[in-house]
Amino acid sequence: MLNKAQIQFCLEQIEDMFPDAHCELHHSNPFELTIAVLLSAQCTDALVNKVTPKLFEKYKTPQDYLNVTIEELQDDIRSIGLYRNKAKNIQKLSELVINEYGGEVPKDRDELTKLPGVGRKTANVVVSVAYGVPAIAVDTHVERVSKRLAICKWKDSVLQVEETLMKKIPKSLWGATHHRLIFFGRYHCKAQNPNCPECPLLSICREGKKRMNQKEKKKLSQKR
């Protein structure tokens with residue numbers, strides 16, 4: 001596991017690589033962000049961003065989502081995976097936002113998780129991005145990078161990864177670190193073919209060293 005100084009080194013290097021890391025989901029208010037993150041489950045941000053311009057032009061308020069049939073809403077998000085279930089959750093979420101929260105998405109993470117289709121990760125994204133509340137949302141990129149770098153353990157659950165990162169990273173950096181880890185995982189330390197040879201963290205990355213050693217062994221075996 002990395003020590004405090006090594007973790008700080010990682011964070012500084014990743015910040016240098018992606019100083020402008022940010023939420024890539026297009027939105028103009030907390031409600032739109034909530035819908036966008038809900039749609040992004042098991043789906044890429046890029047695909048969601050292709051759907052939301054027309055969606056947000058048509059549906060501007062929670063009530064708008066309730067003024068159409070479930071079939072019409074499904075058609076509007078059909079290109080997104082799990083669109084049937086997501087459409088159902090959007091309408092239930094919209095109804096709850098109106099009836100329980102006065103039409104406004106709540107600022108409290110625990111309240112947010114009461115909304116249909118909103119899990120802990122989505123809630124953390126919303127409170128952090130929309131409301132500036134310190135939080136670390138653990139998506140597939142954050143989890144992968146944290147484990148490859150040995151900031152967290154391979155066996156850790158998503159919640160354990162979040163708790164570990166919160167302990168090891170200053171609270172003031174939670175929001176920024178969340179975005180930087182996502183960019184690092186999305187554009188550099190990818191699930192398939194991570195760019196280990198050009199990685200500034202290779203000297204302390206156990207996974208990177210392992211991959212480089214495997215490549216070297218493969219080259220040697222091919223020469224024989």
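The talk below goes through some labels and the values behind them.

Mentor: Remember one thing from the start: this is a predicted model.

Trainee: Why is Cys189 called buried?

Mentor: Its relative accessible area is 10%. Buried means under 20%. Cys189 is below that cut-off, so it is called buried.

Trainee: Where does Cys189 lie, and what is it in contact with?

Mentor: Cys189 lies in the loop between H11 and helix H12 (206-223). Leaving aside neighbours within four places in sequence, Cys189 is in contact with Arg144, Val145, Arg148, Phe184 and Pro194.

Trainee: What makes Cys196 buried?

Mentor: Cys196 has a relative accessible area of 9%, and the cut-off is under 20%. Therefore Cys196 counts as buried. Its place is also in the loop between H11 and H12. Beyond four places in sequence, Cys196 is in contact with Leu202, Gly208, Arg211 and Met212.

Trainee: Which residues does UniProt list for "binding site"?

Mentor: The unreviewed UniProt entry lists Cys189, Cys196, Cys199 and Cys205.

Trainee: How do you know that they cluster in space?

Mentor: They are spread over 17 residues of sequence, yet the largest C-alpha distance is 11.1 Å. The lining of the largest cavity includes Cys189, Cys196, Cys199 and Cys205.

Trainee: What makes that space a cavity?

Mentor: A 1.4 Å probe fits there but cannot get out, so the space is called a cavity. The structure holds one cavity of 30 Å³ or more. The largest cavity has about 110 Å³ of space. It is lined by 15 residues, and the closest to its centre are Cys189, Cys196, Cys199, Cys205 and Gly208.

Trainee: Which helix gives the most to the lining, and how do the residues divide by class?

Mentor: H12 gives the most, with three residues. The lining has nine nonpolar, three polar and three charged residues.

Trainee: How do you know that Cys23 is in no disulfide?

Mentor: A disulfide needs two cysteine sulfur atoms within 2.5 Å. For Cys23, the nearest cysteine sulfur is that of Cys43, 14 Å away. Cys43 is in no disulfide either, with the sulfur of Cys23 14 Å away. By this rule the count comes to zero disulfides.

Trainee: Is Cys43 buried or exposed?

Mentor: Buried. The relative accessible area of Cys43 is 16%, and buried means under 20%.

Trainee: Why is Arg109 called partly exposed?

Mentor: Its relative accessible area is 24%. Buried means under 20% and exposed means over 50%. The value for Arg109 is in between, so Arg109 is partly exposed.

Trainee: Where is Arg109 found, and what does it touch?

Mentor: Arg109 is found in helix H7. Not counting residues up to four places away in sequence, Arg109 touches Arg120, Ala123, Asn124, Val127 and Glu162.

Trainee: Which residues of helix H8 are buried, and what do they pack against?

Mentor: In H8 (residues 120-130), the buried residues are Thr122, Ala123, Asn124, Val125, Val126, Val127 and Ser128. They pack against helix H2 (30-39), helix H7 (109-112), helix H10 (158-168) and helix H11 (174-187). H8 is followed by Gly132, with a positive phi near 70 degrees.

Trainee: Which residues does UniProt list for "domain: HhH-GPD"?

Mentor: The unreviewed entry lists residues 39-187. That span is 64% helix and 0% strand, and its end C-alpha atoms lie 21 Å apart.

Terms used: Residues are numbered from 1 along each chain as its sequence is written. This is a predicted model: local features need pLDDT of at least 70, side-chain atom pairs count only at pLDDT 80 or more; totals for chains, interfaces and linings use all residues. Side-chain values use heavy atoms; hydrogens and water are left out. Buried means under 20% relative accessible area, exposed over 50%, partly exposed in between (1.4 Å probe, protein chains only). Helices (H or I, at least four residues) and strands (E, at least two) are DSSP runs, numbered from the N terminus. Contact means heavy atoms within 4.5 Å. UniProt positions are given in the numbering used here, feature names are shortened, and annotations may be inferred rather than shown by experiment. On a 1 Å grid over the protein atoms alone, a cavity is a set of points where a 1.4 Å probe fits but cannot get out, and a pocket is an open set with protein on both sides within 12 Å along at least five of seven lines; lining residues have an atom within 4 Å of a point. Grid points are joined across faces, edges and corners, and a volume is the space filled by probe spheres set on the points. Ala, Val, Leu, Ile, Met, Phe, Trp, Tyr, Cys and Pro count as nonpolar, Asp, Glu, Lys and Arg as charged, and the others, Gly among them, as polar.
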